[in-house]
Structures are given as C-alpha cells and as structure tokens.
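Hi,

Here is the structure I promised to pass on.

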Amino acid sequence: MFEAALLVCLAIAPEECVELDDTEGPYTTEAACRLRVDEMAEFATRANLFELNIKWKCSTPKGLQT
C-alpha cells in the first residue's frame, strides 16, 4: 500500500511550502500512486498563478508492510 503526497513550494520564495496529502488513497501499487501524484501536481500547477517547485513521494502508511 502506498500513500501519495506533494511538497509544493513557490519558485520565488522556496521557504514558502505546503504539503498536500492525497484524499483518495492508499494505492495498492507504486505505479498507481505515481499516477495520482502526477494528477495532483497537474492540479496544483493549474490552480496557481506562480511558478512552483513540486516534490512528490509515495510512501507506505505507518503500521503497514509492503
């Protein structure tokens, strides 16, 4: 199981970041998780007027083994 999350920072102010946690997961495969982070990043980019730096991760929820 994998959970999707993004770290979104303004390119002009890299100290201004927010973590976006997925509301649809967890996902059974890392590939499905990566598709979701791509979807989330596309939305964050479209919804923002400024250039963004986006980092992503697909991690195993605490207490679960892959």
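Predicted model: local features only at pLDDT ≥ 70, side-chain atom pairs only at ≥ 80, totals over all residues.

Let me start with a loop: P26 sits in the one between strand 2 and helix 1.

**Overall layout**

The protein has three strands and one helix, and reading from the N terminus the order is β-β-α-β. Along the principal axes, the C-alpha atoms take up a box of roughly 40 × 20 × 15 Å. There are 66 residues in the protein, and 27% of them count as buried. If you take the contacts with a separation of 6 or more, 62% of them are between residues 24 or more positions apart.

**How the strands pair**

Strand 1 pairs with both of the others. With strand 2 the pairing is antiparallel and runs over six bridges, and the two strands make a hairpin that has two residues between them. Within that pairing, V8 faces V18 of strand 2. With strand 3 the sense is again antiparallel, this time over eight bridges. If you want a spot to check there, L10 has L52 of strand 3 as its bridge partner.

**The core**

Which residues make up the largest nonpolar core? There are twelve of them: F2, A4, L6, V8, Y27, C33, V37, M40, A41, A44, L52 and C58. Strand 1 (3-10), helix 1 (30-46) and strand 3 (52-59) each put in at least two residues, and helix 1 gives the largest share, with five.

- A4 lies in strand 1. A4 counts as buried because its relative accessibility is 5%, and the cut-off is under 20%. Past its neighbours up to four places away in sequence, A4 touches L20, D21, D22, Y27, C33, R36, V37, M40 and K57. For a sense of distance, A4 and L35 are 31 residues apart in sequence, while their C-alpha atoms are 9.4 Å apart in space.
- F2 is in the segment before strand 1. At 15% relative accessibility, F2 counts as buried too.

**A buried arginine**

Is R36 buried or exposed? R36 belongs to helix 1, and it is buried, because its relative accessible area is 12%, which falls under the 20% cut-off. And what is R36 in contact with, leaving aside its neighbours within four places in sequence? The list is A4, D22, T23, E24 and Y27. Two of those names, A4 and Y27, you will remember from the core.

**The largest pocket**

The largest pocket holds about 170 Å³ of space. Its lining consists of 14 residues, and E3, A4, D21, S59 and P61 are the ones nearest the centre. By class, seven of the lining residues are charged, four are nonpolar and three are polar. Strand 1, strand 2 (13-21) and strand 3 each supply at least two residues of the lining, with the largest share, three residues, coming from strand 1. Note that A4 turns up here as well: besides being in the core, A4 is among the residues nearest the centre of the pocket.

Cheers

How values were computed. Residues numbered from 1 in each chain as written. Heavy atoms only, no water. Core = buried A, V, L, I, M, F, W, Y, C linked by side-chain atoms within 4.5 Å. Buried < 20%, exposed > 50% of the residue type's maximum accessible area, 1.4 Å probe, protein only. Helix = DSSP H or I, 4+ residues; strand = E, 2+ residues; numbered from the N terminus. 1 Å grid on protein atoms, 1.4 Å probe; cavity = no way out; pocket = protein on both sides within 12 Å on 5 of 7 lines; lining within 4 Å. Points joined across faces, edges and corners; volume = space filled by probe spheres on them. Nonpolar A, V, L, I, M, F, W, Y, C, P; charged D, E, K, R; others polar. Pairing = 2+ DSSP bridges. Contact = heavy atoms within 4.5 Å.
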